[in-house]
Amino acid sequence: MPESPSSSTVARHPVQLQPMQVPKASDVLANDLRERILRGEFPSGTALPPERELVTQTQMSRTTVREALRILEVQGLVVIKTGRSGGAFVQQPGGASVASSVNLLIRGQQLKLSDLLETREAIEPACAALAAKYRTDDDIAALEAANKKLGDLAIPLEEFLQANVDWHLAVATASHNELLTGFMTALSTAIYSSTENTAFVDEAVRQTTCRAHKTITDAIRAGDSTAATRRMTKHVHGYAEAVVQVEERTEIELHDA
């Protein structure tokens, strides 16, 4: 019968473990609630249980529960209201959430104006094509109202730029695509806050812009996706070329909305 090895003869190999990152309890709770919201278990407008009840149900501290709700609030998945009828109420993410995230990316990465213009050239013709396909009477009315305002040569530069933004956002809205609308909201804000100068936006530019918008609106109204795409492509490309020739700045000067 073989002898059992004594403790002194047993080969011992050092056990090596890698550092482990344990998620915070608030992140675990926020992730669980987020998945339930996104799966539709909690429809928009649903009131989540009060903090004290969440503490009882999850066996987590009040601080942890409160931090998890704040995470969801920042992500735009809940609205926290104060008062006697307050609490955390579920809301589904929409175009505003997309715009906020893209806005932070633009500011945080200090993107060049040329980057934004190239992105716009890639996205906005697609918005025009979808707008021609899905536009409603209200969409057409919004396009025409914005274009009528920017066609008034007497309005100040700031009002012209805002009317211009309104028209481009109306095109995105008419696409009835929340993702595209969110992208265009952030892009338009950044681009036009970086081109507020009289050296570029003169009377000739205003007239050219108004004419281009009118032809694109006509194509959208007619439901002609091909013409809307072609005309929008020409418009945003021409705008980008003109801006690059005049603008000396390379970074976006974008402030909080």
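**Close-up views of a predicted helical model**

**View 1. Helix H7 passes helix H9 in a left-handed crossing.** This is a predicted model, and here we look at one pair of its helices. On the H7 side, the residues making the contact are Leu 157, Phe 160, Asn 164, Trp 167, His 168 and Val 171. H9 answers with Arg 206, Thr 209, His 213, Ile 216, Thr 217 and Ile 220. Sorted by class, that contact comes to six nonpolar, five polar and one charged residues. H7 covers residues 157-174 and H9 covers residues 203-221; their axes sit 12 Å apart, at an angle of about 20°. With angles under 35 degrees counted as roughly parallel, H7 and H9 are therefore roughly parallel to each other.

**View 2. H5 also packs against H7, at an angle of about 60°.** The axes of these two helices are 7 Å apart, and the angle makes H5 oblique to H7. This crossing, too, is left-handed. Which residues of H5 meet H7? They are Arg 120, Glu 124, Cys 127, Ala 128, Leu 130, Ala 131 and Tyr 134, and they face His 168, Val 171, Ala 172 and Ala 174 in H7. The contact of H5 with H7 divides into eight nonpolar, one polar and two charged residues.

**View 3. The largest nonpolar core has 32 residues.** Cys 127, Leu 143, Trp 167, Val 171, Met 184, Ile 220 and Met 232 have the most contacts inside this core. Helices H5 (113-134), H6 (137-150), H7, H8 (178-193), H9 and H10 (225-246) each supply at least two of its residues. Which helix gives the most to this core? That's H5, with eight residues. Zoom in on Cys 127 and you'll find Val 171, Ala 172, Ser 175, Leu 180 and Met 184 touching it, leaving out residues up to four places away in sequence. Another core, of 15 residues, lies apart from the largest one; Leu 29, Ala 30, Ile 37 and Ala 88 are among its members. As a general point, nonpolar side chains tend to be buried together in soluble globular proteins.

**View 4. Ser 26 sits in helix H1 (residues 25-38).** Is Ser 26 buried or exposed? Its relative accessible area is 2%, so Ser 26 is buried, given that buried means under 20%. Setting aside residues up to four places away in sequence, Ser 26 touches Thr 64, Glu 67, Ala 68 and Ile 71.

**View 5. Glu 144, in helix H6, is our next stop.** Glu 144 has a relative accessible area of 38%, so it is partly exposed. Beyond its neighbours within four places in sequence, Glu 144 is in contact with Thr 217 and Arg 221. How far apart in space are Glu 144 and Asp 218? Their C-alpha atoms are 9.7 Å apart, while the two residues are 74 residues apart in sequence.

**View 6. Zooming back out, the protein chain comes to ten helices and two strands.** Along the sequence, the pattern reads α-α-α-β-β-α-α-α-α-α-α-α. The chain has 257 residues, and 36% of them count as buried. Take the contacts between residues at least 6 apart in sequence: 75% of them join residues at least 24 apart.

How values were computed:
Residues numbered from 1 in each chain as written. Predicted model: local features only at pLDDT ≥ 70, side-chain atom pairs only at ≥ 80, totals over all residues. Heavy atoms only, no water. Axes fitted to C-alpha atoms, helices over the stretch in contact; angles between N-to-C directions. Helix = DSSP H or I, 4+ residues; strand = E, 2+ residues; numbered from the N terminus. Parallel < 35°, antiparallel > 145°, perpendicular 65-115°, else oblique. Left-handed = near helix turned anticlockwise from the far one by under 90°. Contact = heavy atoms within 4.5 Å. Nonpolar A, V, L, I, M, F, W, Y, C, P; charged D, E, K, R; others polar. Buried < 20%, exposed > 50% of the residue type's maximum accessible area, 1.4 Å probe, protein only. Core = buried A, V, L, I, M, F, W, Y, C linked by side-chain atoms within 4.5 Å.
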